[in-house]
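Dear colleague,

Please find below the structure that I am handing over to you. My notes on it follow directly after.

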Amino acid sequence: MASSPRSPPPAPTPEFEISRQSRLFAALSKKVIDLDELRMLAAQGVPDAAGVRATVWKLLLGYLPNDRSLWEQELAKKRGQYAAFKDEFLTNPVERAQQVPTEGHHNVSAEHVDNGFLHRSEVTREEHPLSLGKTSAWNQFFEYSEIMEQIDRDVKRTHPDMQFFCGDSSFAKSNQESLKNVLLIFAKLNAGIRYVQGMNEVLAPLFFVFRSDPDDKNAEFAEADSFFCFVELLSGFRDNFCQKLDNSAVGIRGTLAKLSQLVAKYDGELQQHLEITTEEFNFADTIHIWDTLLSDPGGPQETLLRICCAMLILVRKRLLAGDFTSNLKLLQNYPPTNISHLLYVANKLH
């Protein structure tokens with residue numbers, strides 16, 4: 001069995017942390033940002049202050065160009081594009097018919113509307129709510145009603161312990177609406193995948209970080225920024241969300257097989273004893289882990305596998321001593337862990 005890198009790293013000194021943060025701020029202040037340097041610094045964790053993490057994540061995901069002079073132009077373009085997506089995919093067909101005149105149709109004036117509804121004579125066949133035509137806006141609208149219901153249920157269950165996501169406040173409700181908007185637009189733009197349960201958990205850290213940006217303008221456009229970063233992030237995991245590929249080498253079973261092989265490489269005894277199961281960390285630790293995931297130039301998937309492997313190695317004694325039931329319970333309620341140490345162990349599994 002290969003030796004497991006379980007010895008803890010030396011604790012960073014306060015001076016080292018100050019120096020690292022200073023280097024990160026200096027890296028972000030350059031006119032053209034060195035992404036290799038940024039990845040190296042961000043992999044050790046990004047400071048929580050001053051909205052730094054939001055900027056770092058946007059750079060690491062390629063949403064912001066490394067040339068600072070292009071940021072304003074690029075953000076305006078992407079945010080305008082997202083507004084167009086919302087208008088196209090989230091607007092009720094009746095509202096769209098009333099607001100946007102189309103070629104060959106006259107403007108809908110007040111004399112043609114009763115209590116918000118068009119006169120029957122003004123409703124074309126394709127605009128009729130019961131139309132089954134493939135080009136019918138209503139048919140397309142209702143086609144996603146089941147997905148909309150699933151998204152709504154999952155979003156309401158997203159981090160129920162956090163007032164940011166849940167509760168009766170207008171702030172929490174607004175944040176839920178933003179999550180639902182992003183997920184529904186993604187589903188409509190990606191017909192081969194649509195929405196898969198769990199995507200809400202992937203989106204949540206992105207939106208939380210961007211919505212918490214102390215720059216009011218950036219916070220205002222957190223929904224748009226989250227959408228494009230979510231699309232980029234999922235581009236490396238698309239096959240894991242495609243049900244047709246579940247049993248293939250690139251699907252979820254293939255990914256679990258890679259994890260099993262990685263565990264076997266470093267701890268064959270543990271691999272033979274396990275049925276691999278996953279579990280989530282608390283939200284603050286999740287944000288820290290994401291700093292490291294997004295810093296991998298090859299994409300987050302390999303780093304994620306190493307983190308999962310490190311989680312198993314760190315509790316190997318309890319896993320080897322337990323049976324399937326006790327191990328399942330342990331992995332579903334993973335014990336409190338020093339995240340810096342976990343990431344240190346994962347980094348040694350190259």
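Please keep in mind that this is a predicted model.

**Overall picture**

Of the contacts in the chain with a separation of 6 or more, 64% are accounted for by residues 24 or more positions apart. The chain's secondary structure comes to 19 helices and two strands. Of its 350 residues, 44% are buried. The chain exposes about 19300 Å², and carbon and sulfur atoms supply 52% of that area.

**Aromatic pairs**

A search of the whole structure finds 14 aromatic pairs. One of them joins Phe-85 and Phe-227, whose ring centres are 5.8 Å apart with 65° between the planes, an edge-to-face arrangement. Because Phe-85 lies in helix 4 (residues 71-89) and Phe-227 in helix 11 (residues 222-234), the pair ties together parts that are 142 residues apart in sequence. Phe-85 has a relative accessible area of 15% and is buried; Phe-227 is buried as well, with a relative accessible area of 3%.

Phe-227 also pairs with Phe-228: their ring centres are 5.1 Å apart and their planes stand at 80°, so this pair is edge-to-face. Phe-227 and Phe-228 are both buried. A single aromatic cluster is formed by Tyr-63, Tyr-82, Phe-85, Phe-89, Phe-227 and Phe-228.

Two lysines place their charged ends over aromatic rings. That of Lys-78 sits over the ring of Phe-228, 5.2 Å from the ring centre. That of Lys-58 sits over the ring of Phe-210, 4.8 Å from the ring centre.

**Ser-226 in helix 11**

Ser-226 lies in helix 11 and is buried, with a relative accessible area of 0%.

Helix 8 (residues 170-189) has 20 residues and reaches 29 Å from its first C-alpha to its last, which is close to the 28 Å expected at 1.5 Å a residue. Helix 8 is mostly covered, with 14 of its 20 residues buried.

Thr-158 lies in the loop between helix 7 (145-156) and helix 8. Its relative accessible area is 0%, and Thr-158 is therefore buried. A polar atom of the Thr-158 side chain lies 3.0 Å from the backbone oxygen of Asp-154. Apart from neighbours within four places in sequence, Thr-158 is in contact with Phe-165, Cys-166, Asn-200, Glu-201 and Ala-204.

Val-196 is placed in the loop between helix 8 and helix 9 (199-211). Is Val-196 buried or partly exposed? Its relative accessible area is 24%, so Val-196 is partly exposed; the cut-off for buried is under 20%. Val-196 and Gln-150 are 46 residues apart in sequence, and their C-alpha atoms are 9.0 Å apart in space.

**The loop between helix 3 and helix 4**

Asn-66 is found in the loop between helix 3 (52-60) and helix 4. At 31% relative accessibility, Asn-66 counts as partly exposed. The C-alpha atoms of Asn-66 and Lys-30 are separated by 9.3 Å, although these residues are 36 residues apart along the chain. Leaving aside neighbours within four places in sequence, the contacts of Asn-66 are Lys-31, Val-32, Ile-33, Leu-35 and Leu-59.

**Helix 19**

At the start of helix 19, a side-chain oxygen of Asn-338 comes to within 3.0 Å of the backbone nitrogen of Ser-340. Within helix 19 (residues 339-347), the buried residues are Ile-339, His-341, Leu-342, Leu-343, Val-345 and Ala-346. Against which helices do the buried residues of helix 19 pack? They pack against helix 15 (283-294) and helix 16 (300-314).

With kind regards

Key
Residues numbered from 1 in each chain as written. Predicted model: local features only at pLDDT ≥ 70, side-chain atom pairs only at ≥ 80, totals over all residues. Heavy atoms only, no water. Helix = DSSP H or I, 4+ residues; strand = E, 2+ residues; numbered from the N terminus. Buried < 20%, exposed > 50% of the residue type's maximum accessible area, 1.4 Å probe, protein only. Contact = heavy atoms within 4.5 Å. Areas by Shrake-Rupley, 256 points an atom, 1.4 Å probe, with all protein chains shown as cover. Phe/Tyr/Trp six-rings, centres within 6.5 Å; stacked < 30°, edge-to-face > 60°. Lys NZ or Arg CZ within 6 Å of the ring centre and 35° of its normal. Polar contact = N/O pair within 3.5 Å; in protein donor to acceptor, adjacent residues only side chain to side chain. Expected span 1.5 Å × (residues − 1).
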